[in-house]
Structures are given as C-alpha cells and as structure tokens.
Amino acid sequence: MGEEAMGRRAVDLSGAEIRGDVEGRNPPIFLPRQPAASPLLALDIGGTLIKLVYTASCEGDGGGSDGAELRFAKFERRRLQECFEFIRAKGLLGCNGTRSTNENVLLKATGGGAYKFADDFREKLGVYLDKLDEMDSVVSGANFLLQNIPGAAFTHMNGQRNPVDVSPNNLFPYLLVNIGSGVSILKVTGNRKFERVTGTHIGGGTMFGLAKLLTGCKSYDEFLQLSQKGDNFVLDLIVKDICGELVCQKQGLSTSTLASSFGKVITSKKRLTDYKPEDLASTLLSAFTYNIAQIAFLVASLLGLRRVFFGGSYIRGHKSTMENISFAIDFWSQSQMQAVFLRHEGYLGALGALMSYGDLRGENLTLDESKEEEPHHESAAPVDGTPSDEENDSNIFPYLLVNIGSGVSMIEVIGKGKFERIIGSHLGGGTILGLARLLTGCSSYEEFLELSQRGNNLSVDLTVGDIYGEEGYPKIGLPASTTAASFGKVNSSKLSDYKMEDLAAALLNSFTYNIGQIAYFVANLSGLKRIFFRGAYVCGHEKTMDKISRSLKYWSKGEVETTFLCHEGFLGTLGAFWSYENMGIDSLAAHEVIREVLLGAPYTGQFPSLPVTEQQENGENNSLEGEVKSLRHENASLKAEIELLQRENAELRANLGAATL
C-alpha cells in the first residue's frame with residue numbers, strides 16, 4: 001500500500017539535536033533537514049500507555065520554516081478516544097508518505113495494542129496500521145538516540161545528573177532494560193543484532209497496580225509525587241530492626257541495610273488506613289526498583305556486559321527511580337557497572353517505528369535476522385578451592401542454598417565448612433505477608449496461603465494475551481497465558497472492587513516466581529545445577545514449593561534440580577547459626593554469618609569491614625554460639641521468621657546491656 005511513495009519519506013537524521021530545556025521532560029528533537037510539509041506519525045500502543053512520536057514544522061520558533069521537529073505525546077490506553085482526537089487536531093492524518101486520501105493512510109505502529117486496536121483505528125480514523133515488532137522497534141529507537149542525538153544518555157547518581165558521551169563506534173554490545181508494564185531485557189550487539197535475554201513480570205504495572213490499591217492514587221505521576229514525600233523505613237524491615245544498633249556496630253553492619261520490604265507490617269497492629277499514602281508509595285518504589293536493578297545486574301553479569309541502559313515509560317525521568325536503580329547497580333556490582341538512562345526513555349518503541357518510514361529493504365531490526373546466542377558465562381571458582389578427595393565425601397557439593405525468611409539469602413556451598421554468600425533479595429516472605437496483611441487483612445502466612453488457593457490471579461494480573469491477543473507474542477516465545485505484569489490489570493483504586501483471594505493468588509505468584517528467577521540466575525552465574533530451598537516461608541507449604549519448582553523448571557528448562565529442606569527449627573532466630581553438618585555448613589560463628597545473611601539489598605551509608613580477630617573468635621563467638629544453641633529449642637513453636645528475629649533481638653540486647661526494643 002503506497003510502498004513507492006513511502007520509500008521517498010524516510011526520516012533525515014542529519015544534524016539532529018535536542019531542543020528546549022535539556023533538563024525538561026521529552027524536549028523536541030530538531031531535524032534541520034527533515035521536510036516539514038507532510039507530517040509523519042508513529043505509535044507505540046503498550047499495555048498501559050499509547051506513545052506518539054510525530055514530526056511538526058518548526059515555523060514560529062524563530063528559526064524560520066526550514067526543518068522539522070520530533071515531538072512527543074502520550075495517553076492512557078483506556079483513553080483511546082482522546083488519542084484519536086489529538087491526532088485529528090494536530091493534522092497528523094496527512095499523507096504520511098502514502099496518498100492524500102485518508103482511507104489509504106498507513107501509520108507505523110508497534111506494541112501489542114497495534115494488533116488489538118487496528119480495527120478501531122480503521123473505523124474511527126480511516127487509517128491502517130503497519131504493525132511492527134515491539135522488540136525490533138524498541139532497540140531501533142534506543143540505537144537512534146545513542147547514535148544520533150548528543151546528550152541522549154546520562155547517569156544519575158548521588159543526586160547528580162551527568163551526560164554520557166557514547167561513541168557510535170564503541171556502543172555495542174550493551175544491555176537494554178526496558179521498563180514498561182513488565183520488564184524486557186535485551187542484549188544488543190549491533191544495529192540489526194539483538195536478543196531478548198529475559199524479562200520479569202514485576203515492573204511498572206506492578207508498582208502502579210499496587211499503588212492504586214494501597215494509596216488510592218489515580219495516576220502514575222501522582223504515585224511518583226507521593227513517593228517523594230514518604231519514608232520507606234516506616235514499613236521496611238532493616239538490619240537495625242533485626243539485631244539492634246549496638247550489634248550492628250559490633251559486627252560492622254550498616255543499620256539501614258534493607259532486609260525485607262514491607263517486613264515491619266507483619267508485627268504491626270496497624271491497618272492499611274493507619275499508614276500514610278506517601279510512606280506506602282515510597283516503600284513500593286524502593287522495593288521494585290531495587291528488584292529490577294538486581295535482575296539487570298545478574299543478567300549483565302551472566303553476559304559479561306558492563307554497560308546497562310535503562311528505558312521505558314515507567315522511569316519518567318523520576319529522580320528517585322533513577323537514583324534507586326543507579327545505587328543498586330553500583331552496590332551489587334561493587335562499582336564495576338554503571339546504570340545509564342536515556343532521554344525520551346518512554347518513546348523508544350515509537351521512535352523505532354518512526355525510523356522505519358522509507359525502510360524498503362526490511363532493515364528494521366528483527367529477531368529473524370539476528371542470530372540468537374545462548375547466554376554464556378564462566379563458572380565461578382570455589383571460594384577456597386576444593387580438593388578432589390573432599391568432594392568425594394558427598395555428592396551434593398557444590399550447591400546453592402536459598403533461605404526464604406522475611407528476606408532471601410543465597411549461599412554457595414562448595415564443601416564442608418566452605419561457603420560464600422553470593423547475594424540476597426529484600427523481596428521475601430516478609431514482603432508477601434506484609435502486603436497480604438495490607439491488602440487482605442490476613443493475620444498469618446497459613447491463612448494467606450489458604451486464601452490464595454481459592455483465588456484467580458488472572459483477575460488482576462496482565463497477561464501477554466491481554467496485550468497482544470490470543471496468539472500471544474510467538475516471535476519471542478511468549479504464549480498468551482504468560483504473565484506480563486503482576487497486578488497490571490488493576491484499574492480501580494478501590495480495594496473493595498477486588499476479591500481478597502484473587503489478590504492473595506497474585507501476590508503468591510508474583511513473588512515466588514521472582515525468587516525462583518533470581519535463584520536460577522545466581523545458580524547459573526556460579527555454574528551450579530542444584531538448589532536447596534528452606535526457610536519459614538517455604539518449608540512445609542506445598543503451594544509455595546510448587547510455585548518455586550515451576551519457576552525454576554521454566555527458567556532453567558529443567559536443567560536445575562530443586563530440593564526443599566523441611567526441617568523446622570533448623571535456623572537460629574537471626575538466621576545466623578546453621579548446623580547442617582552434612583550440608584557443609586557447620587560450627588559457624590553467629591556474628592560472622594550475620595554479615596553474610598543480612599546484607600541482601602542496597603543500604604544507605606557506608607560501613608567498615610571489620611576483621612575478625614582470634615580473640616573475638618575464641619571469646620565472643622563462643623558465647624554467642626552457646627546462646628544461639630539454646631534458642632534452637634524455641635524455633636519449632638514460632639510460625640513466622642520475623643517473630644524469631646525479634647525474640648533473639650531482645651535476648652541479644654539484654655546480653656549486651658542495651659534496652660529491649
């Protein structure tokens with residue numbers, strides 16, 4: 001349809017530059033050699049938003065009528081009619097490179113909505129949508145910005161925004177993390193070479209969906225504004241809450257290390273209405289931005305990449321969002337990686353679609369043209385080296401031990417007494433139960449699990465089918481039933497509009513699958529094929545174990561062995577004393593393991609790394625070890641790990657001569 005005419009209407013990028021306030025949101029991009037007589041329009045119709053990029057004349061801006069500008073606009077997908085009215089009002093139904101009659105106008109469009117709403121565009125506007133692959137368009141848009149627009153990339157760390165000079169000759173490879181309703185992670189190796197490595201269902205749609213339910217906010221921008229005024233420490237469990245400030249100082253721990261998002265809710269008698277909306281919003285933002293950054297770090301590590309670009313409509317140039325992501329990437333990578341953000345980050349797909357005008361050779365990025373490579377990595381070496389005769393003592397080494405308590409700790413065990421804590425996650429059992437109490441009012445984990453078994457997560461979760469239709473997204477292997485964004489289907493801000501059991505089912509799905517995904521990446525990064533799970537929030541709970549097993553089977557394609565250790569009372573109250581001698585962890589001093597277990601998420605401030613002296617080992621550790629042994633008998637009667645943590649917290653404070661919490 002009009003192919004010959006379209007071939008004459010390519011976008012001329014010569015001399016392109018950003019105009020307007022460089023600190024402003026989505027400023028116009030000036031195209032000095034682009035004809036302005038006939039506008040071009042491209043759309044990205046996602047799961048939540050419709051993004052438009054279009055050319056417009058520069059006339060009236062003081063620079064004469066030569067050249068054109070790229071301008072940007074967005075609408076909520078549920079306000080499709082407003083989008084139609086905007087397109088008419090701006091005169092964007094011109095010829096768009098085809099013919100002058102509207103019935104033959106062909107608009108470039110990407111995103112799942114390009115398929116779902118094609119008939120609406122034809123009926124309401126009399127135009128046809130040329131449907132382009134979403135991943136192709138996102139990568140094309142990112143490459144356009146990075147290769148053609150000075151100042152398109154920048155870092156945001158410690159409150160400072162600094163431009164990044166990206167050389168087109170030294171751009172590839174890089175990791176692109178696109179945060180929309182869900183999150184897609186792409187390895188880009190060239191202008192027409194990329195692969196979607198993975199993704200996560202915990203993205204912007206999850207944040208906004210839960211924000212509606214918890215705070216009553218009506219828009220994502222309102223949620224972001226609320227989060228700026230809040231204090232996440234009101235609801236988050238930090239190291240200080242677990243072991244007390246004096247113990248933190250003694251062990252060299254940062255008191256503000258995040259142990260469990262929403263973890264304080266478990267023991268609080270407050271109801272949802274007792275919390276400030278701004279504190280809830282701040283907690284949601286930190287919880288999920290840290291999680292996205294952690295997954296990005298793990299994937300980049302697996303692929304050996306040090307350059308990670310973040311884009312997507314849910315970043316919005318928001319300072320706290322970028323600060324959280326930057327801090328987390330720097331924390332987990334030990335300053336070996338850097339988070340880089342993109343101007344116009346929410347319009348990558350629409351920009352890529354616009355670039356395809358005049359592309360007669362089919363050179364828009366496609367997965368078919370790029371050879372997909374399997375992620376590769378080198379196995380991590382054992383911490384101290386393991387002699388071959390010692391490995392023969394047991395056939396279980398090496399393995400990954402994942403302890404799911406209020407937070408999550410992941411430890412690589414390579415032999416008896418030889419282990420290394422690899423990483424942890426602040427989204428654990430405390431997060432699940434904390435959110436469950438706020439959303440459903442349940443008072444125990446068992447009650448929550450029983451509630452979840454009667455629910456249907458699809459009532460609130462956004463699936464690939466909801467975005468793309470019943471065929472799903474076959475090009476990248478995502479069937480229609482795949483969860484695209486947990487809580488992404490939440491439209492109402494009234495909690496009473498949803499069934500408690502459906503919310504419980506969605507909570508269980510989202511966080512157990514997330515734990516399984518992170519555990520797989522960690523095991524893969526360390527070259528481990530066996531994972532043992534245990535902890536108060538997994539042992540003996542069939543539904544939880546089933547979800548984690550399914551997650552590991554999916555991510556590892558059945559290559560990782562998943563085993564659950566259901567021995568109540570195994571861990572000490574602080575998660576600091578293990579005596580599983582046959583598992584390789586035995587006679588560990590409590591204060592040393594506290595450091596290994598609790599440092600699971602980014603923290604505020606710095607802490608010194610204190611060496612352990614021989615005197616400390618022989619004196620203080622012996623007393624702590626004896627104390628923890630005596631506490632093991634109490635663990636069997638405790639249902640939630642948070643209660644366990646508080647019990648020893650009180651005893652430790654008493655022994656140290658401090659006041660009880």
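1. Contact, as used in this note, means heavy atoms within 4.5 Å. The structure discussed here is a predicted model.

2. The covering of H6 extends along the helix: 12 of its 12 residues are buried. Among them are Gly204, Gly205 and Gly209, as well as Met207, Phe208, Leu210 and Lys212. From its first C-alpha to its last, H6 reaches 16 Å, close to the 16 Å expected at 1.5 Å a residue. Glycine 216 follows the helix, and its phi is positive, near 80°.

3. Is histidine 201 buried or exposed? Its relative accessible area is 9%, and because buried means under 20%, histidine 201 counts as buried.

4. The side chain of histidine 201 reaches the backbone oxygen of serine 510 at 3.0 Å. Leaving aside neighbours within four places in sequence, the residues in contact with histidine 201 include Thr206, Thr483, Ala484, Ser510 and Tyr513.

5. The largest nonpolar core has 103 residues. Val177, Phe223, Phe310, Phe448 and Phe533 are those with the most contacts inside this core. Its largest share, 17 residues, comes from H9. A second, separate core of 74 residues includes Leu40, Leu43, Tyr473 and Ala484.

6. Phenylalanine 533 deserves a separate entry. Apart from neighbours within four places in sequence, phenylalanine 533 is in contact with residues including Val402, Ile404, Ile515, Ala519, Leu552 and Phe564.

7. Strand E18 (residues 408-415) pairs with two strands named here. Six bridges join strand E17 (residues 399-404) to E18 in an antiparallel arrangement, and seven bridges join E18 to strand E19 (residues 418-425), also antiparallel. Eight of the eight residues of E18 are buried.

8. Which residue of E18 is the bridge partner of leucine 400? The partner is glutamate 412. Glutamate 412 has glutamate 420 as its bridge partner in E19.

9. The turns between these strands may be noted last. E17 and E18 form a hairpin with three residues between them. The hairpin of E18 and E19 has two residues between the strands, and glycine 417 takes a positive phi near 75° there.

Methods. Residues are numbered from 1 along each chain as its sequence is written. This is a predicted model: local features need pLDDT of at least 70, side-chain atom pairs count only at pLDDT 80 or more; totals for chains, interfaces and linings use all residues. Side-chain values use heavy atoms; hydrogens and water are left out. Buried means under 20% relative accessible area, exposed over 50%, partly exposed in between (1.4 Å probe, protein chains only). A polar contact is a pair of N or O atoms within 3.5 Å; within protein, one must be able to donate a hydrogen and the other to accept it, and residues adjacent in sequence count only if both atoms are side-chain atoms. Helices (H or I, at least four residues) and strands (E, at least two) are DSSP runs, numbered from the N terminus. The expected span of a helix is 1.5 Å times one less than its number of residues. A nonpolar core is a set of buried Ala, Val, Leu, Ile, Met, Phe, Trp, Tyr and Cys residues joined through side-chain atoms within 4.5 Å. Two strands pair if DSSP finds at least two bridges between them.
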